[in-house]
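Welcome to a short tour. Open your viewer, find the selection tool, and follow along one stop at a time.

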Amino acid sequence: MGKTFAKPEALSDQITHYCPGCTHGVIHRLVAEVIDELDIRGRTVGVAPVGCAVLMYNYFTFDFLESAHGRAPAQATGMKRVRPDLVVFTYQGDGDLASIGMSEIVHAANRGEKITTIFVNNAVYGMTGGQMAPTTMPNQRTTTSPFGRNVDEVGMPIKVSELLASLQTTAYIARQTVILPKHITRAKKAIKKAFQYQIDGRCFSFVEIVSTCPTNWGLTPVEAVKWAEEKMLPYYPLGEIKTPQ
Amino acid sequence: MGKVLMKGNEAIGEAAIRAGCLNYFAYPITPQSEVAEYLSRRLPEVGGVFLQGESEVAVSYMILGAAATGERVFTTSSSPGISLMSEGISYIAGMQIPAVFVNIMRGGPGLGGILPSQADYLQATKGIGHGDCRLLVMAPASVQEAAEMTMRAFPLAEKYLNPVMILGDGLIGQMMEPVEFPDDLKTEPSKKDEWATNGMDTRGSNRRNLIRSLYLDPEVLNQHNLELKAKYDRMQQEEIRYEAYNTDSDYEVLIVSYGTMSRVCRTAVDQLQEQGMAVGMLRPQTVYPFPEEAVGNAAAKKSCLAVASIEMSMGQMLEDVQRSVKGRQPVHWFGKCGGEVPTPEEVIEFVRSLTK
């Protein structure tokens, strides 16, 4: 009997540095599976963000470029413009993309750069220790909002996917999650579509993944899944938000 | 191709193309926007890439991304824009990838003004970005030299896997002069497959490349910084360029000046000579690495009574001149920094005052 389940070629053998219950590992695997299935490993370059996933290049077996905080879409733009034959993707967290990197992502999307962005939204800054992000939920306690996010002072969480979808330029924009097994297939489908649109030279593609951060949320992995389901999913609804016409 | 009359900014754009660089990302800022205007029309003609970024911050990272593929790339900006790019420049230096930055300096600090200045000397030569990073910095004194330095910048950036900067003042960008682009300065990009993130298929390799500036292990980071230092030390050995003027015979005063300011000083030196006063001049063409030994030796000449650093800043190069002279002579400063270039008469009056 042949192998029915194997580690994707795009993934390397490494001991994870991510915390128990963190969703980065699942998302990494989905990206790797998609890259294998599309047979693009040899022409793919990943752009790693600043945040917990800065070391993501340790888990993949193709070219990687590190980024400065928030600047990955600009770096990907530079790469893709001078080497349109490459498949270029950024992988960014919500502090990175929705705060310091808002300008770069909006303009890359609006120019219709033929790149793919995987946006991991866990409502908090992970690597720096759980500070408030632009995506932090109302009343959510973080190390810099110890009494809960006060929306009168700092506004409502930013729905990045909807914001990008409001641009008039053609794009593929979807929001999925990986918190439960039933979500994972849909998330992978969205990631695969996103890469396919890039390969076809169609448009900018963007997949937001609603994620958990048990460590910085102060919850167990199981509680974190429940919290994301109850607090985040109603505010960050899943599905395709924009598809190319 | 013979000589053509061109504005400095346009000549810099054309020089990059002639050197073999077909990729340019930029954000408009006076007094260098003509580079972007020129290249937005010219690059499509030669199958190149032109993109106007949303900010200088973004542009510096577009440069980083493009450079990481091993393709030649450059940008141009002016003082406040370079401040914004300095973050990206530090990353590019830390990642050890080649790129070319042109700073056509205007007056500062803050918005300052839009007229010529040399007030980014310290930023360019000593403090371009966070961390122990240095650029190789060349300072042109004519449109011809701006073109040639731009052409030389690309192979130098590749030789050192480090950003190279052309540091010109607003006049270099704005004035028109005859210029030609020497064919022998056209070069091919050097070997890049060892480091470029250009896709494994491009290299026909199974080994992936990784470009980064993060080294969490303190010993490894220290080693990384020692490697960078070795490159900067090598620049000191191999890249110093300067021009000596009127230094063969005895002189009473030694002027150190660069860029547009040095051309005014040259006129002053000639006029002083006619008036019977011998003055020598040393013009750094690289300001990092600085021609420390040449300035020191020129100042050590027995006839020399004083040294003057004459610049369009409030005495920024002065620190390098003092360091080079090592206290053997008094070192004086003269300059202006509002956008006006001191006149030959003002320079003459100042130089005369030094021997009274």
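**First stop: a proline in a loop**

Select P289(B): this residue sits in the loop between β13 (286-288) and α11 (292-299) of chain B. Helices here are DSSP runs of H or I with at least four residues, strands are runs of E with at least two, and both are numbered from the N terminus. Now look at the peptide bond from Y288(B) to P289(B), which is cis, with omega near 0°.

For another cis bond, go to G108(B) and P109(B), where omega is near -5°. P109(B) belongs to the loop between β5 (99-105) and α5 of chain B.

Before you move on, a word on what you are viewing. This is a predicted model, in which local features need pLDDT of at least 70 and side-chain atom pairs count only at pLDDT 80 or more, while totals for chains, interfaces and linings use all residues. Residues are numbered from 1 along each chain as its sequence is written, and chains are lettered from A and ligands numbered from 1 in the order in which they are written. The pLDDT is the predictor's confidence in each residue, from 0 to 100; chain B averages 97, and 100% of its residues score at least 70. The model has an ipTM of 0.97 and a pTM of 0.97.

**Second stop: two domains**

Colour residues 4-238 of chain B as domain 1 and 242-353 as domain 2; such bounds come from an automatic or database domain assignment. Taken over C-alpha atoms, their centres are 28 Å apart. Where they touch, 26 residues of domain 1 of chain B are in contact with 22 residues of domain 2 of chain B. Contact means that the C-beta atoms of two residues, placed from the backbone, lie within 7 Å. Which element gives the largest share of the domain 1 side? Select α5(B), which gives four residues.

Show chain B as a cartoon and find the open sheet of five strands, in the order β10-β12-β11-β14-β15, with mixed pairing. Two strands pair if DSSP finds at least two bridges between them. At the edges are β10 (242-245) and β15 (331-335) of chain B, each pairing on one side only.

Inside the sheet, β11 (253-256) and β12 (279-284) of chain B run parallel, joined by four bridges. Click on I255(B) and you will find M281(B) of β12(B) opposite.

Next, β14(B) and β15(B) run parallel and share five bridges. Here A308(B) stands opposite H332(B) in β15(B).

**Last stop: where the chains meet**

Show both chains. The contact uses 32 residues of chain B and 27 residues of chain A. On the chain B side, α3(B) gives the most, with eight residues. Strand β2 (63-66) of chain A also pairs with β9(B), in the parallel sense over two bridges. To see this pairing, select L65(A), which stands opposite I211(B) in β9(B).
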